[in-house]
Amino acid sequence: MTDHWALYIDVEGFGSKWNETDMDAFRGINALMEGIFRVGTYCYPEPPDRLFAHQFGDAFLIVSDFHETLLDRAALIGIALMRQLLSVGETTKCAMDEGHLSDVANCYADPIRKQYNRGHIDVGAGLMTITPVMGTALIRTSALQKHVHGPLFVLRKALAGRLSSAFHLRELPETDLLSLNWVRGEPPGLNELQEMACLSLSAEEDRLDQLASYIESSPGLSHEWREN
């Protein structure tokens, strides 16, 4: 099975903001959800460029429709979404890798599968909700994120040769990972993607100031991002 590129993006600090009295925790996840919707709807609405996105708590997995030798499009989407959240005062962590996804509903136990096929799963008077997708695209990207902390865009070193020189990468010590600089620079095609998707376009100086403000309000955050 041919691997597709995948981005796993989660909102930093979601759990610490969660409570049942206001919507503050949803600012980041709503911005991420809407950003993905806009990119997929306005920039890549049809095959072979269309996107598939799946929510897992405060994170989204975005997967391409087909294998792509060059990974620039995936990097541009990740950068655009990370900058979009920064514009509303939130930060994210993004991991890029390759893999595939499958609909695994037919692998579930008979009682679950029979109910799922009719649209909902009753658990007595309650309900069970499931996300019937699984595969290496999810497993690999989510695993990468466990190795780093803070608002980083990470990928395996093995993928570096499939990104153009417009993207600036640095090694992360004691790992087999690279950090892609999502804060500085304007890689070719990024502004066009942001404009088509109606996403925020900000000056580099403003992004650096916003990140500095975020880090000052998060004293326990790792310093890995500082040289990003």
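Helices (H or I, at least four residues) and strands (E, at least two) are DSSP runs, numbered from the N terminus. In soluble globular proteins, nonpolar side chains tend to be buried together.

All of this comes from a predicted model, in which local features need pLDDT of at least 70 and side-chain atom pairs count only at pLDDT 80 or more, while totals for chains, interfaces and linings use all residues. Residues are numbered from 1 along each chain as its sequence is written, and side-chain values use heavy atoms, with hydrogens and water left out.

With residues up to four places away in sequence set aside, F153 touches L7, A75, G78, I79, M82, C94, M96, L178, S179, L180 and W182, where contact means heavy atoms within 4.5 Å. L193 sits in helix α6. Its relative accessible area is 3%, so L193 is buried; buried means under 20% relative accessible area, exposed over 50%, and partly exposed in between, with a 1.4 Å probe and protein chains only. Beyond its neighbours within four places in sequence, L193 is in contact with V39, C43, Y44, L76, I77, A80 and L199. L193 and C43 are 150 residues apart along the chain, yet their C-alpha atoms are separated by 6.7 Å.

Now for the helix pairs. Two packed helices are described by the angle between their axes and the distance between the axes. Here the axes are lines fitted to C-alpha atoms, for helices over the stretch in contact, and angles run from 0 to 180 degrees between N-to-C directions. The axes of α2 and α3 cross at roughly 140 degrees and come within 9 Å. Their crossing is right-handed; the term applies if the near helix is turned clockwise from the far one by less than a right angle, and left-handed if anticlockwise. On the α2 side, G28, A31, L32, G35, I36 and V39 meet I77, L81 and L85 in α3. The residues of this contact divide into seven nonpolar, two polar and no charged, where Ala, Val, Leu, Ile, Met, Phe, Trp, Tyr, Cys and Pro count as nonpolar, Asp, Glu, Lys and Arg as charged, and the others, Gly among them, as polar.

Helix α3 (residues 72-87) also packs with helix α7 (residues 204-216), at an angle of about 65 degrees and with the axes 10 Å apart. The two are therefore roughly perpendicular to each other, a label for angles of 65 to 115 degrees. The crossing of α3 past α7 is left-handed. R83, L86 and S87 in α3 meet R207, Q210 and L211 in α7, and the residues of this contact split into two nonpolar, two polar and two charged.

A cis peptide bond, with omega about 5 degrees, joins P47 and P48, and P48 is found in the loop between α2 and β2 (51-56). E174, in the loop between β10 (169-171) and β11, is not a glycine but has a positive phi near 65 degrees. E174 is exposed, with a relative accessible area of 86%. C198, in the loop between α6 and α7, is likewise not a glycine and has a positive phi of about 55 degrees.

Definitions and conventions:
Angles under 35 degrees count as roughly parallel, over 145 as roughly antiparallel, 65 to 115 as roughly perpendicular and the rest as oblique.
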